[in-house]
Amino acid sequence: MATCALVGASDFNAEDFKARYDAGLFEFVIAVDAGFAHLEALGIAPDMAVGDFDSLGYVPKCRRVSRHPVKKDKSDMELALEKAVAWDYDELIIYGALGGRLDHTIANLQLFATFSERELYVTAVGDTFALRLLTGPDVLELPDLDAGTVSVLAANDRVRGVIERGLEYSLNDEDLTNRTSRGLSNELTGEPARIAVEEGTLYVFYPLP
């Protein structure tokens, strides 16, 4: 897979980003508007900057700049995701997208589901957790951790054939909907854990190693 990191303007897990960046896990880095400031603080120059740059306050100097008007129908994050797809990246690791304004976070969650359903591997990184979008049929092997909370929530009206193994509470080929809290706050047990889904898209929240 070809991996692109996108860095938005919200709460930024600099430690996780820097560790993956230094390990060479990102082949391309896109700064999304004021996400440029997060990277600048780390002394990292992104490969591309995308946005209207109203939050950043200036047009950044970058190898590639995709500037858009403030009045537009798509968010800066959506435009950046489209750029990543246009450059043929199929794994997207997203930072700075899960904090700050709640409406922005919900909009980002909707976008992540949309791009997962376009057969991309989408992971958003928060402060102490990651969020992986899982679109069926697919299986996700969770990191090997002794403990921690895992939540699995439906992104669609109905997600079919959900299986959870290696967690405190198992699901066995069940359906989930986005009108219930079922799937919230399961627990790792120290055993290998995995989530599977047959049809639909799941939000899988799990702790960072």
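Val-159 in strand E10 has Leu-176 of strand E11 as its bridge partner, and E10 (residues 159–165) pairs with E11 in the antiparallel sense over three bridges, where strands are DSSP runs of E with at least two residues, helices are runs of H or I with at least four residues, and both are numbered from the N terminus. Two strands count as paired if DSSP finds at least two bridges between them. E10 and E11 form a hairpin with five residues between them, and Gly-166 in the turn has a positive phi of about 80°. Asp-173 also has a positive phi, near 60°, in this case in a residue other than glycine, and Asp-173 is found in strand E11.

The model is a predicted one, in which local features need pLDDT of at least 70 and side-chain atom pairs count only at pLDDT 80 or more, whereas totals for chains, interfaces and linings use all residues. Residues are numbered from 1 along each chain as its sequence is written, and side-chain values use heavy atoms, with hydrogens and water left out.

Another open sheet has ten strands in the order E4-E3-E2-E1-E5-E6-E7-E14-E9-E12, and its pairing is mixed. Strand E4 (65–67) and strand E12 (186–187) are the edge strands here, each pairing on one side only. E9 (residues 149–154) and E12 run antiparallel and are joined by two bridges, with Glu-187 in E12 as the bridge partner of Thr-149.

## The annotated region and a cis peptide bond

An unreviewed UniProt entry places the feature "domain: Thiamin pyrophosphokinase thiamin-binding" at residues 136–203; UniProt positions follow the numbering used here, feature names are shortened, and annotations may be inferred rather than shown by experiment. Over residues 136–203 the chain is 0% helix and 47% strand, and the end C-alpha atoms are 12 Å apart. A cis peptide bond, with omega about 0°, joins Gly-136 and Pro-137, and Pro-137 lies in the loop between E7 and E8.

## Pockets

A pocket is defined on a 1 Å grid over the protein atoms alone, as an open set of points where a 1.4 Å probe fits, with protein on both sides within 12 Å along at least five of seven lines, and its lining residues have an atom within 4 Å of a point. Grid points are joined across faces, edges and corners, and a volume is the space filled by probe spheres set on the points. The largest pocket has a volume of about 510 Å³, and of the 24 residues that line it, Ala-9, Ser-55, Ser-75, Asp-76 and His-104 are the closest to its centre. Helix H3 (76–86) and helix H4 (102–116) are the elements that give two or more residues to this lining, and H4 gives the most, with five. The lining of the largest pocket divides into seven nonpolar, ten polar and seven charged residues, where Ala, Val, Leu, Ile, Met, Phe, Trp, Tyr, Cys and Pro count as nonpolar, Asp, Glu, Lys and Arg as charged, and the others, Gly among them, as polar.

The second largest pocket has a volume of about 210 Å³ and is lined by 13 residues, of which Arg-20, Thr-123, Arg-132, Leu-140 and Tyr-206 lie nearest its centre. Strands E5 (91–95), E6 (121–125), E7 (129–135) and E8 (138–141) each supply at least two residues of this lining, which divides into eight nonpolar, one polar and four charged residues.
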